[in-house]
Amino acid sequence: MQHDMPTIDLITPTATIATPTHGGRAKCLQRLVRLDLPVPSTVALSFEMVKSIAAGHKPDLDAILNQFSPDDILCVRPSSESVDWGGPSAILNIGMNDARYVELSDKLGQEAAVDLYLRFVQSYSINVARLDPDAFEHIEGQDQAALAAALHAYSDETGEEFPQRISDQLTEVLRSMSRAWEGTTARLLREAKGAPADAGLGLVVQKMAFGIGQGESGSGVLQLVDGYTGEERIMGRYARQSQGRDALEQHRKALFLAHDPRGPSLQDSEPEIFAKLVEQAKLMRHRLREEMQIEFTIQNGELFILDGVRVNRRANAAMRIAVKLAEDGIIPQQEALMRIDPRALGELLHRQIDPEAKRDVLATAVAASPGAASGKIVFDALTAQAHAARGEACILVRRETSPEDIRGMHAAAGVLTERGGMTSHAAVIGRGIGLPCVVGASDIKFQPSKKRMTTPDGRTFAEGDIITIDGTNGQVLAGQPKMVEAALDDSFQTFMKWAAENCDIRVRANADTPRDAQTARNFDAQGIGLCRTEHMFFDVDRLTVMREMIFADAAHDRRSVLDRLLPMQRADFIELFRIMRGLPVCIRLFDPPLHEFLPTDRAGLLNLAEALDLPLSTVTQRVESMGEYNPMLGMRGVRLGIKVPEIYEMQARAIFEATVESAQDGETVVPEIMIPLVSAKREVELVRNRIDAVAAAVRNERGTDFTYKLGVMVETPRATLRADDIAQHSAFLSFGTNDLTQMTYGLSRDDAGRFMSDYVNQGVFPEDPFHTLDTEGVGELLRIGVDRARQVDPEIVLSICGEHGGSPESIAFCRQIGMDYVSCSPFRVPVAKLAAAQLAIASKTG
């Protein structure tokens, strides 16, 4: 925060006015003065001056009032550094008293004079003297009797007459507004909007243009774009005999600005004033390099510009506005890119709840996958699929999801879970397929067996009841509020093209299915950085075969069963290669423990026993024997590949045969095969030998040559520390930050959501490490791994493929330590690209 001496400055083209010292409104008014627009005389009080007044020091009233004529009526408005931080209410008509009332009655008419004085008395009483608004509720009308009643109410409540001297009025207005900004409530409100604790407030004292009186008089606001869509059109309202923002508050009495079949307009009644107003708005847009909302007043046919603020806008409108400003040559493309927060792209890529919609919030949990969805509650995947078959939207509600729920997740409109965090199964899959998801809703009592759930306020919702989840902010809501659809228009395509041109780190997508790959392709991902092949085995026709393989006792029996899966896997890879059209595809070999493919409930065990033609007791005992105390640290990943090598051999063959067939179709494919959960170089050696043998066999059988790359997914702390050993046998290393974070912290990513918010709120962790990369701890391991791998092979390709790959902060760290690319969920590719482009632009501009 910038600090200077307390100052009181008349706003002129050359005055020393700056946003960090006087606030955004004061600086904007100076810019309008420089454009020679009809701005009434204005004095700016700096942040330090306001702070001094709040501390009890009396302002130099002569320095303020000498800038105005003795007959001027004044107003005071707040000027914070950002308009979003708000400020005290403006006070209008300062200087109105009994004598001025008489003078203005003769000049403007008694009705106008009453209106001006009455407005001031009520505003001063409530906002400055802090009287209860109820003291004025009995006052009706806008006549002399109402004015007398208001003055009487003031004296009755305060025990003194209403102040008559402008110096006394202005002193108290400045003191009240200054102290209001320093109050605890105001500070907490602005901090909630992103303001620093020591944010300053400036004040502007401006000559009033009444908007009330003889001739064409009134006030209004105008903007040249729709803040909801970003489309170019004149918007706003104008109200005759009004002040301030009455035109917005008195909507039914207000006139339209431009010709409108729905009613009269300013353009109809005062075409010259309207034309001048539009001309000045266009000048502001061009010279201030922004879409502005103008607050204006017309006094007896004369136009005054009182203020200009940046048009309030939704994310899709902000993007369209930035693109249009760049296309019109007002700002460079790079600046257009810098104006959009990467995280705001979620509003464009997914349906959202209308900002104006009423929200009946049931609970708030972890916002795991952006977007909003409404539907009937269902408690299992099969019911979700049944709803989808009938064309009915549903929300899949589970304690936590497992791979068996994937078909149900694809069928549902959204997912709500009791457990889990940012890298839980539901969260990862949700982001991958663009499915709204809220996890870790532990405040809700889930009762799946009874097909119901109870919210913290005691309400019970049964299967079939309609709820809404907002995966953008983590809210669970009752009913079905109005939605706003995703907006991927031409502006979005243009914007993302500019972002791609400015990136200096590649962005790939995590894609497990052809559908995911097509989404990645639509967002112009530069390849697939992680294809989790295990997700290909959960289709019903494949799951039974997979379970047969798990129950096979001998290697030859497993190979026999896997031979039935081979053509399915091969077809999957052929489709992925076709969609990606020569872009790199990194395929992770089988990773999860086998027990994840086995049922746990009695009905599932019975179905499996029937499918395998085995006694239920045998199946039950076998499933129980495969259980592990900590399966995420048990026999999975490369350990499973070494223990049961037939799985990796089948997958390698499927990849190589798909490579050969794709080449015959004209696609040049160099598949990247990734070994998961490696901790030692010997693991890589063992798997590499087997994969090389499969490659040689396929080459001989097909009579053709092909190339492939073998690499490692670095997910264990030991692998990062021994990256130099592992790099000797790898063409690439991809750091899986989900598991690496889990193992570094000793935290279960599926259970951390239960206490993580408490940890963050109490300052144990600055952020959820599964959401924002821990650059100090996990980041140090990444830095070590990158440095040691590069020492062995300067050309080795390095990347991250955990969910952190779509986080702007994580991308900044990856650029810093020299990674080649990041990989993230398909729907986060645009976010990652924009973040990468902004980092590259910032590094060039210093």
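Colleague: Leaving aside its neighbours within four places in sequence, which residues is glycine 141 in contact with?

Modeller: This is a predicted model, in which local features need pLDDT of at least 70 and side-chain atom pairs count only at pLDDT 80 or more, while totals for chains, interfaces and linings use all residues. Residues are numbered from 1 along each chain as its sequence is written, and side-chain values use heavy atoms, with hydrogens and water left out. Glycine 141 sits in the loop between H6 and helix H7 (144-158), where helices (H or I, at least four residues) and strands (E, at least two) are DSSP runs numbered from the N terminus. If contact is taken as heavy atoms within 4.5 Å, and neighbours within four places in sequence are set aside, glycine 141 is in contact with Leu118 and Ala146.

Colleague: What is the relative accessible area of glycine 141?

Modeller: Buried means under 20% relative accessible area, exposed over 50% and partly exposed in between, using a 1.4 Å probe and protein chains only. Glycine 141 counts as partly exposed, because its relative accessible area is 46%.

Colleague: How far apart in space are glycine 141 and aspartate 115, C-alpha to C-alpha?

Modeller: In sequence, glycine 141 and aspartate 115 are 26 residues apart. Between their C-alpha atoms, the separation in space is 9.8 Å.

Colleague: Why is H6 called oblique to H8?

Modeller: Axes are lines fitted to C-alpha atoms, for helices over the stretch in contact, and angles run from 0 to 180 degrees between N-to-C directions. The axes of helix H6 (residues 110-127) and helix H8 (residues 166-182) come within 11 Å, crossing at roughly 45°. That angle makes H6 oblique to H8, because angles under 35 degrees count as roughly parallel, over 145 as roughly antiparallel, 65 to 115 as roughly perpendicular and the rest as oblique.

Colleague: Which residues have the most contacts inside the largest nonpolar core?

Modeller: A nonpolar core is a set of buried Ala, Val, Leu, Ile, Met, Phe, Trp, Tyr and Cys residues joined through side-chain atoms within 4.5 Å. The largest has 125 residues, and those with the most contacts inside it are Phe656 and Leu733.

Colleague: How many residues make up the second, separate core?

Modeller: Ile91, Ile94, Ala146 and Tyr154 are included in this second, separate core. Its residue count is 54.

Colleague: Which residue in S27 is the bridge partner of glutamate 672?

Modeller: Strand S26 (residues 672-675) pairs with S27 in the parallel sense over 4 bridges. Strand S27 (residues 709-714) is mostly covered, with 5 of its 6 residues buried. The S27 partner of glutamate 672 is lysine 709.

Colleague: Which are the edge strands of the open sheet?

Modeller: The open sheet is formed by 8 strands in the order S11-S21-S20-S13-S14-S15-S16-S12, with mixed pairing. Each edge strand pairs on one side only, and these strands are S11 (361-364) and S12 (366-369).

Colleague: Which residue in S21 is the bridge partner of alanine 363?

Modeller: S11 and strand S21 (residues 475-478) run antiparallel and are joined by 3 bridges. The S21 partner of alanine 363 is valine 476.

Colleague: What is the phi of aspartate 36?

Modeller: Aspartate 36 lies in the loop between helix H2 (24-34) and strand S2 (42-45). Aspartate 36 counts as exposed because its relative accessibility is 69%. Although aspartate 36 is not a glycine, its phi is positive, at about 60°.

Colleague: Where is aspartate 613, which has a positive phi near 55°?

Modeller: Aspartate 613 is a residue other than glycine with that positive phi, and it is exposed, with a relative accessible area of 69%. Its place is in the loop between helix H23 (602-612) and helix H24 (616-625).

Methods
Pairing = 2+ DSSP bridges.
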